[in-house]
Amino acid sequence: MNISILVFGSDTFLAKLPDQIRDTTAFNLEVITDIHQTILQIQTAPPDIILVQASLDGSMKICSWLKEQTQLSWIYCIFLEDRPQKFAARSKYGWEWELQMTATVLNQGADAYIWHLCEENTEHTLAGVTANHRLILAQLEVGLRKVQKYRDLLQKNDLLSAIALADSLTELNNRRALEWDLPRQIHKARTQGTPLSLIILDVDYFKKVNDTYGHLAGDRLLQLLGSRLRQNLRSQDTAFRYGGEEFVVVLANTTSYEALGVAERLNRKVSEQPFAINSKLSIDITISLGVASLEADDDEKGLSLIHRADQCLFHAKASGRNQAISWDYLSHFSQLEAVSS
């Protein structure tokens, strides 16, 4: 585990910390003395652990600010008390004052509060300083465990998210993933001023496959189809299983003309070679495809875009199947019919 430590403190303060903290093979260490630079560093590259020098201006503000950042709550903050006046008050008022001081610092946002024994603020023995260093290292271990649990949780959440957005049969993205991704693609296209197109396709006479060969053969056919689609798409294209034998392909930075070319290529790739279900059975299939491109008045979720592609798919199936039809063609065809009538 690659651990990063940010020290809000001076070089002199760093020199008095346990030697293990400065071990560059174990930690990525950065030292900053300015509070604004520290906050900026936390925001841009959050560390796993923060060591705060109490005598430095802004030390308590760092703890309070960090406590307010809910997305950074996993960062472990250790507040190291090195202020001579606090040590004097500690000796004068006793352990009850020390407990009150500790509670105050923890309430301000620190995860740990340690009285940092060093030569300047103690008459402590070497054994006392060594024990103090062991305490600091022990708190580091606590922080490391917290960081590891956080990373494990992130990994599990990523896995669950991937499972939730994946189609278990074809291993393509599922409809839920499309509903999440298409609005993002539309926003990106409109922001960058680039074209966006979409293909809807399904298997011709798929019910006949199930009725003739059984549903297991049908499921295997969809698996193989998903794999063939994925192998014949470009890097910017994203395939989704929309439901049943229906699939959607989102084509980023692709014009209507280019999208029709992609659809026609997919149509050829599917029909030119049978699908080997097993060693004894191969099935020939064709697909029908509808193609549409993003227009200015399309809604931000892409429902109207999907609807136009679906109309093209319906027309492709109604006019003989095994073909790709684009919205441009369908619109032009409709205009010609209106003129002729």
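Predicted model: local features only at pLDDT ≥ 70, side-chain atom pairs only at ≥ 80, totals over all residues.

Student: Which strands does helix α5 lie across, and at what angle does it run to β5?

Tutor: Helix α5 (residues 95-107) lies across β4 and β5; its direction is at about 140° to that of β5.

Student: What is the order of the strands in the open sheet?

Tutor: The sheet has five strands in the order β2-β1-β3-β4-β5, with parallel pairing. Its edge strands, β2 (27-32) and β5 (112-115), each pair on one side only. On average, neighbouring strands of this sheet are turned by 20° against each other, direction ignored.

Student: How many bridges join β4 to β5?

Tutor: Strand β4, residues 76-81, is joined to the parallel strand β5 by four bridges. In this pairing, I78 stands opposite A112 of β5.

Student: How should I read the aromatic pairs?

Tutor: Consider the ring centres and the angle between planes: under 30 degrees counts as stacked, over 60 as edge-to-face and the rest as tilted. The structure holds six aromatic pairs. In the pair of F79 and Y113, the centres are 5.8 Å apart and the planes stand at 40°, so this pair is tilted. It links distant parts of the chain, since F79 is in strand β4 and Y113 in strand β5, 34 residues apart.

Student: Are F79 and Y113 buried or exposed?

Tutor: The cut-off for buried is under 20% relative accessible area. F79 has 0% and is therefore buried; Y113, with 11%, is buried as well.

Student: What geometry do F87 and W115 show?

Tutor: Their aromatic pair is edge-to-face, with 5.3 Å from centre to centre and 80° between the planes. F87 belongs to helix α4 (residues 84-93) and W115 to strand β5, so the pair ties together parts 28 residues apart in sequence. Both F87 and W115 are buried.

Student: Which residues do the ring pairs link into a cluster?

Tutor: The cluster comprises F79, F87, Y93, W97, Y113 and W115.

Student: Where does the charged end of R175 sit?

Tutor: It sits over the ring of Y242, 4.1 Å from the ring's centre. Another case is R308, which lies over the face of W327 at 5.9 Å from the ring centre.

Methods
Residues numbered from 1 in each chain as written. Heavy atoms only, no water. Pairing = 2+ DSSP bridges. Helix = DSSP H or I, 4+ residues; strand = E, 2+ residues; numbered from the N terminus. Axes fitted to C-alpha atoms, helices over the stretch in contact; angles between N-to-C directions. Contact = heavy atoms within 4.5 Å. Phe/Tyr/Trp six-rings, centres within 6.5 Å; stacked < 30°, edge-to-face > 60°. Buried < 20%, exposed > 50% of the residue type's maximum accessible area, 1.4 Å probe, protein only. Lys NZ or Arg CZ within 6 Å of the ring centre and 35° of its normal.
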